Amino acid sequence: MQFMKLEEIRRILNAEVIAGKDLMDKEIEYACGSDLMSDVLAFAKPGALVLTGLTNVQSVRTAYIVDIKAIVYVRGKQPEEDAIKLAIEKGIPLLSTSLRMFEACGKLYKAGLRGIGEVEEKVAANK
Amino acid sequence: MRQINNEEKNLKPPLLEREFEVEGGNFANAGVVSGKVKEVLKSIGFGPEAVRRIAICSYEAEVNIVLYARRGVMKLSVYEDYAVLHIKDEGPGIEDIELAMQEGYSTATPEMRELGFGAGMGLPNIKKNSDIFTIISEPGKGTELRILIRNAREPI
């Protein structure tokens, strides 16, 4: 199992930390990318990192509901004010990168971060 | 239709009961009630996996009320080994439940999709995350969901 610290993710994506500067030592095991919170609710695993272009408060509410560890907003997007407020309250770090979705995901994958589907396959194979 | 009453009728009263109003059409508040449901369950020490599954069901149901109904009520009843969410809305109801239960089937508008919802995963996801799920709907009147989730179940 490979873990990646949030600080390392921040460095790879050259991201700005919008909330949770003190939480950059959190370890991330896997990630997913989606603008659809419906999909995040249906497929995300607890502890995952989410990359998204959705900046409203629902991005953070969804993260809180499914135990997402951190959110990266892509294409330089900034989360809305109430999203930041909720993230601080719930201890969910928010980052913003100027990279586009595909490039941000690609860089993290290349650096060794795995996807949710792969983790599921691994678990199934070990059973 | 499956009934969940077997577990409820024989047993002691719930350890905890909370009722929440959900306002239809208030997109900005979609999910606030489910956040409260999650906090309540966490605070009484319900298992994290069960808390997560209840919160997901609650959130999906709450978003459905916000998107489609005038108003709704969500009741959380917590028992020793399980929790029940009872959700009742005053909304348009569902014409074809079988169709609505299919992954990807959606009647969402572009505005709903901009919120990040309306991918047609809501009801199937509730079913996936619940141990016993009952849905009753009457077109023109509303929809009622009963969701039972056991505290100790293998993570899905």
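1. A crossing of two helices is left-handed if the near helix is turned anticlockwise from the far one by less than a right angle, and right-handed if clockwise. In chain A, α3(A) passes α4(A) in a left-handed crossing. Helices here are DSSP runs of H or I of at least four residues, and strands are runs of E of at least two, numbered from the N terminus.

2. This is a predicted model, in which local features need pLDDT of at least 70 and side-chain atom pairs count only at pLDDT 80 or more, while totals for chains, interfaces and linings use all residues. Residues are numbered from 1 along each chain as its sequence is written, and chains are lettered from A in the order in which they are written.

3. Helix α3 (residues 57-65) and helix α4 (residues 81-90) of chain A have axes that come within 7 Å and cross at roughly 20°, the axes being lines fitted to C-alpha atoms over the stretch in contact, with angles from 0 to 180 degrees between N-to-C directions. α3(A) is therefore roughly parallel to α4(A), a term for angles under 35 degrees.

4. On the α3(A) side the contact includes V57(A), V60(A) and Y64(A); on the α4(A) side, L86(A) and K90(A) are among the partners. Contact requires C-beta atoms, placed from the backbone, within 7 Å.

5. Chain B has six helices and five strands, in the order α-β-α-α-β-β-α-α-α-β-β. Among its contacts between residues at least 6 apart in sequence, 67% join residues at least 24 apart.

6. The C-alpha atoms of chain B fill a box of roughly 45 × 30 × 30 Å along the principal axes.

Note on methods. Two residues are in contact if their C-beta atoms, placed from the backbone, lie within 7 Å. Angles under 35 degrees count as roughly parallel, over 145 as roughly antiparallel, 65 to 115 as roughly perpendicular and the rest as oblique.
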